[in-house]
Amino acid sequence: MNTIIDRFNKTKSNINSLKPFRPVNIIAVSKTFSLNYIMPLVEYGHIHFGENKVQEAHSKWNDLKKQNQNLQLHMVGKLQSNKAKDAVKLFDYIHSLDSQKLADVLSKCQSKFNKQLKYFIQVNIGNEIQKSGIPVADLDAFYNYCINESRLKVIGLMIIPPNDDNTEKYFKSLSELNNSLALKELSMGMSADYLDAVKHGATFVRIGSSIFGSRS
Ligand SMILES: *Cc1c(COP(=O)(O)O)cnc(C)c1O
């Protein structure tokens, strides 16, 4: 069988072996990989895919999504407001909602194209200067702004944890924040740490290299 499908199934069985309470969706993050790599998984029936650049995603997925309406495309990378229009047209989920300005622009684009996406608020859990995301201290206010003013369908929180030894601690904190806002979905966990993320309640894991191989 195809290696990519084997690796995908292995990832899935690793997750299932933890007996998670809630269903865990695997987002196959296909950034940098061409359709040759992606098609076997699409044909296998997998529907959740992730990209981190609007333009690259458009060239790979625009036609494919028209042919296959079930496909769910996730924007996992930083989104600049000037790309919001194209993002709203193409994506189903955005995991990187991280400013009021972006929320405002997305809201306008949604009305214009009569489309409702699902959103994760990216949280800067380690308060890292170089990372995007909403600081924990501002999260309540930002969440309220997004749902009441921008009318965005926020379904959960998302993190890319700091690169240190406290990953599990960050997953646990994000899960608690998610519960405090009564949000149902939780986007955390990548190839290196998805099993820890699932232990702490992740419902969307974003897996690239464990499925597609290492990126050059
Ligand atoms: C690339 C990327 C992933 C997948 O990373 P891997 O380590 O290859 O699994 C997940 N989330 C985000 C935001 C990414 O940019």
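**Ligand site and an aromatic pair in a predicted model**

View A. A backbone N or O atom of S209 is placed 2.8 Å from an oxygen atom of the ligand, a polar contact (a pair of N or O atoms within 3.5 Å). A polar backbone atom of G208 likewise lies 2.8 Å from a ligand oxygen atom. From the side chain of R215, an N or O atom is 2.8 Å from an oxygen atom of the ligand. Of the 380 Å² of accessible area that the ligand has on its own, the protein covers 89% (Shrake-Rupley method, 1.4 Å probe).

**View C. The aromatic pair F49 and W61.** The structure holds six aromatic pairs (ring centres within 6.5 Å, with the six-membered ring used for Trp). One of them, F49 with W61, is tilted, with 4.8 Å centre to centre and 40° between the planes; planes under 30 degrees apart would count as stacked and over 60 as edge-to-face. Because F49 belongs to strand β2 (residues 48-51) and W61 to helix α3 (residues 54-67), the pair ties together parts that are 12 residues apart in sequence. Helices (H or I, at least four residues) and strands (E, at least two) are DSSP runs, numbered from the N terminus.

**Notes.** Residues are numbered from 1 along each chain as its sequence is written, and side-chain values use heavy atoms, leaving out hydrogens and water. In this predicted model, local features need pLDDT of at least 70 and side-chain atom pairs count only at pLDDT 80 or more, whereas totals for chains, interfaces and linings use all residues.

Key:
A polar contact is a pair of N or O atoms within 3.5 Å; within protein, one must be able to donate a hydrogen and the other to accept it, and residues adjacent in sequence count only if both atoms are side-chain atoms.
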